[in-house]
Amino acid sequence: MQPRKIIIDTDPGQDDAVAILLALASPEDIEVLGLTCVAGNVPLPLTTRNARIVSELAGRPDMAIYAGCDRPLGRDLVTAEHVHGKTGLDGPTLPEPTMPLQDGHAVDFIIDELRKHPAGSVTLCPLGPLTNIATALQKAPDIAERIAEIVLMGGGYFEGGNITPTAEFNIYVDPEAADIVFKCGAPIVVMPLDVTHKALVTKPRNDAFRALGTTAGVAVAQMTDFFERFDKEKYGSTGAPLHDPCVTAYLIQPDLFTGRHINVEIETSSELTMGMTVADWWRVTDRAPNATFMGDIDADGFFALLTERLARL
């Protein structure tokens, strides 16, 4: 099997950082063509900085990193410093990046890569708001049929929301972009809060990261130490959910996850439920299925994979 070609669209974020590290530690499974950055957890200047920090932490200063959209399609940017800290990567003390950003815009890179490679050979992996992906689809509608798959972290159904009662942060930040992506016709796999809230970094799991003794392992432990304070207080859980690495883990070991191929639509008009992922889990409508919406995860298998791969860095 050839490694799967992917573009990671990201707004790092501690959990984004772990997802990127897992991808870069798995070259036999994943070939990362580039990282495209979007405003989300923190503003764009910080997400581009953080993507470069993480690439250097993984020993990949050669990674192509592009700056993308600095605001949602039609609304003001909402950020999440209250979760991720003022830098988005609060926790570890990591050196400022020295690698450059690439010239050009992330959206153009996405379009060019999808056109350059054979149709059906490039997977898009959005870990943040879907602004870059939607903008690419609007600018170049021909790319939709060239996408192998869109595997994204976003949404929630049975778990409700984490930024409003009904909306998950990534979808809420740019619901219009999410609506475009979910209607684009490409195969979509969704890692919602229903799955990611079962991927909890408990103390033994975080101790295993720290025990790796590597710069990357210790940094991940420090990231999740910081990250978990907010979620443990909010949810009363035994640890913080590691949202975004579920995307990368699915690419490597899809049998860790189970879900259903159903219809998922995005609420864009109601202020009460703005950004809700309306998932027809019980198939009570006649709306055509457009996404595989995951519902469960083998959490022990997930953390075993993550720890084994992080040990390589």
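Visitor: What makes D29 and R309 a salt bridge?

Guide: Bear in mind that this is a predicted model. The closest N and O atoms of D29 and R309 are 2.9 Å apart. The cut-off is 4 Å, from a side-chain nitrogen of Lys or Arg to a carboxyl oxygen of Asp or Glu, so the pair qualifies as a salt bridge.

Visitor: And what does the pair tie together?

Guide: D29 sits in the loop between α1 and β2, while R309 belongs to helix α12 (residues 299-310), so the pair ties together parts 280 residues apart in sequence. D29 and R309 also belong to a network of salt bridges, along with E28, E308 and R312.

Visitor: Okay, what about D108 and K139: what makes them a salt bridge?

Guide: Their closest N and O atoms are 2.5 Å apart, and the limit is 4 Å, so they pass. D108 is in helix α4 (residues 106-116) and K139 in helix α5 (residues 131-139), 31 residues apart.

Visitor: How do you know whether D108 and K139 are buried, exposed or partly exposed?

Guide: K139 has a relative accessible area of 54%; exposed means over 50%, so K139 is exposed. D108 has 28%, which falls between the 20% and 50% cut-offs, so D108 is partly exposed.

Visitor: Why would R210 and D207 be called a salt bridge?

Guide: Their closest N and O atoms are 3.9 Å apart. The rule is within 4 Å, so the pair still counts. Both residues lie in helix α9 (residues 203-211), three residues apart, about one turn of the helix.

Visitor: How do you know whether the span of helix α2 agrees with its number of residues?

Guide: Helix α2 (residues 44-57) has 14 residues, and at 1.5 Å a residue these should span 20 Å; the end C-alpha atoms are 20 Å apart, so the two agree.

Visitor: What makes α2 mostly covered?

Guide: Eleven of its 14 residues are buried, among them L44, I53 and L57.

Note on methods
Residues are numbered from 1 along each chain as its sequence is written. This is a predicted model: local features need pLDDT of at least 70, side-chain atom pairs count only at pLDDT 80 or more; totals for chains, interfaces and linings use all residues. Side-chain values use heavy atoms; hydrogens and water are left out. Helices (H or I, at least four residues) and strands (E, at least two) are DSSP runs, numbered from the N terminus. The expected span of a helix is 1.5 Å times one less than its number of residues. Buried means under 20% relative accessible area, exposed over 50%, partly exposed in between (1.4 Å probe, protein chains only).
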